[in-house]
Amino acid sequence: MNKKKIGVLTSGGDCPGLNAVLRAIVCAATELDWEVIGFRDGFEGMLPPGDCCTLTEANTSGIMQVGGTILGTTNRGHFTAKVDAGKKKKIPPTIIEQALETCRKLDLYAVVVIGGDGSMNTALQLYQAGLPVIGVPKTIDNDLEATAMTFGFDSAVTCATDALDRLHTTAASHKRVMILQVMGRHAGWIALWSGLAGGANIVLIPEIPFNLEKIIATIRQRDQAGYKSTMIVVAEGAKTANGHQWHHVNPQGEWRLGGVGEMLCQEIEKHTGKETRTCVLGHLQRGGDPTNLDRILGMRFGVKAVQLIAQKKFGMMVSYQNYDVQDVPIAQAVHHLKKVSPDGQMVETARALGILFGD
Ligand code: F6P
């Protein structure tokens, strides 16, 4: 009898921990005497004739602790199922059919899709078209519904916290206001967690619109109280009360968030007279090796994905809940973005510590 074959792909923006999932899938599948086929560059690898390779314990050895993805990925291309926050797009039926045909030709029993909300939307459409799919949630933004945490998030927070630690010393030496702009799209998880861990004085997140005057008043009060430097963490998607978000539209017509840190820098300098600098952390947050937590979460997700295939629980996504890895319907994970609750315990804790949210 032929060996059972499963496919796997990594899709969307990369993040630390993807290789840990791949390695875990290969090890767990090999234990069951299954073969693993990896598609290159996300769903694009499914287009005929299929750009793929066999993943073995030997050729995935040593990748668990390495950032990025050995399979490559893309957040563009034929399978883009998300236009912007919350807006979904239908994949053309011809593209879906081509992907199914490739999987049939390869005789795949199931496919594991490792990706964020856009990729889970694509995975769901493939599942609804008849492909047995299992989802594995990833994103540094931690904005996927139906899982308490995604791998990649802890590594991004660690990177941003390290940046804040470094900025603290130079801010104090020069008595400056230092602004760190972090990623996260329309969710403020990275800003909030790194702001707490890195001792920021002001944290600006999309979920709590900010008022520039309040920020300026706080900096002045801090100065008068003898605190000559102020640390601000701002999420790239932070907005004002009238909903304005700093962004540009690229030549492809896509919205790219960015610019809020620079705007704050100019306004704060103008209104307080204090020297102010901005640091845009950018893709450093997505690069480098995964933290221990992301390695372990990634490995647990990979093993669970193989177990779900063995149980024929297709259309499900692995999910982290109450310290356990469980499973939820993919459909449940793509309704909304998971955002920071302005009334939640994390924000309450930050406020109790004297952190200003600019509201
Ligand atoms: O979703 C992950 C993320 O890093 C966001 O935080 C950020 O807005 C976006 O991707 C950047 O995308 P790109 O790598 O295409 O510039």
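Colleague: Which residues of strand 7 point one way, and which the other way?
Modeller: This is a predicted model. In a regular strand the side chains alternate between the two faces of the sheet. In strand 7, I134 and V136 point one way, and the residues that point the other way are V133, G135 and P137.

Colleague: Is strand 7 largely enclosed or left open by the rest of the structure?
Modeller: Buried here means under 20% relative accessible area. Five of the five residues of strand 7 (residues 133–137) are buried, so the rest of the structure leaves this strand largely enclosed.

Colleague: In what order do the four strands of the open sheet come?
Modeller: The pairing in this sheet is parallel. Strand 9 and strand 13 each have a single partner strand, so they stand at the edges and one side of each is left without a neighbour in the sheet. Neighbouring strands here are turned by 15° against each other on average, direction ignored. The order is 9-10-8-13.

Colleague: Which residue of strand 13 stands opposite I179?
Modeller: Strand 8 and strand 13 are joined by five bridges, in the parallel sense. The residue of strand 13 opposite I179 is T278.

Colleague: What angle does helix 7 make with strand 13?
Modeller: Helix 7 packs on the sheet and touches strand 8, strand 9, strand 10 and strand 13. Its buried residues are V260, G261, M263, L264, C265 and I268, and these pack against elements including helix 6 (212–224). The direction of helix 7 makes with that of strand 13 an angle of about 175°.

Colleague: How far apart are the end C-alpha atoms of helix 7, and why does that agree with its 13 residues?
Modeller: Helix 7 covers residues 260–272, and at 1.5 Å a residue it should span 18 Å. The expected span takes 1.5 Å times one less than the number of residues. The two values agree because the end C-alpha atoms are apart by 18 Å.

Colleague: Are helix 4 and helix 5 oblique or parallel to each other?
Modeller: Two packed helices are described by the angle between their axes and the distance between the axes. The axes of helix 4 and helix 5 (residues 189–197) come within 8 Å and cross at roughly 50°. Among the residues that meet are F153 and A156 in helix 4, and W189 and I190 in helix 5. The two helices are therefore oblique.

Colleague: Is that crossing of helix 4 and helix 5 right-handed or left-handed?
Modeller: Handedness is decided by how the near helix is turned from the far one, clockwise or anticlockwise, by less than a right angle. For helix 4 passing helix 5, the crossing is right-handed.

Colleague: Is A200 buried or exposed?
Modeller: A200 lies in the loop between helix 5 and strand 9. Leaving aside neighbours within four places in sequence, A200 is in contact with G195, M231, V233 and I355. Its relative accessible area is 5%, so A200 is buried.

Colleague: How far in space is A200 from T161?
Modeller: A200 and T161 are 39 residues apart in sequence. From C-alpha to C-alpha, A200 and T161 are apart in space by 9.5 Å.

Definitions and conventions
Residues are numbered from 1 along each chain as its sequence is written. This is a predicted model: local features need pLDDT of at least 70, side-chain atom pairs count only at pLDDT 80 or more; totals for chains, interfaces and linings use all residues. Side-chain values use heavy atoms; hydrogens and water are left out. Buried means under 20% relative accessible area, exposed over 50%, partly exposed in between (1.4 Å probe, protein chains only). Contact means heavy atoms within 4.5 Å. Two strands pair if DSSP finds at least two bridges between them. Axes are lines fitted to C-alpha atoms, for helices over the stretch in contact, and angles run from 0 to 180 degrees between N-to-C directions. Angles under 35 degrees count as roughly parallel, over 145 as roughly antiparallel, 65 to 115 as roughly perpendicular and the rest as oblique.
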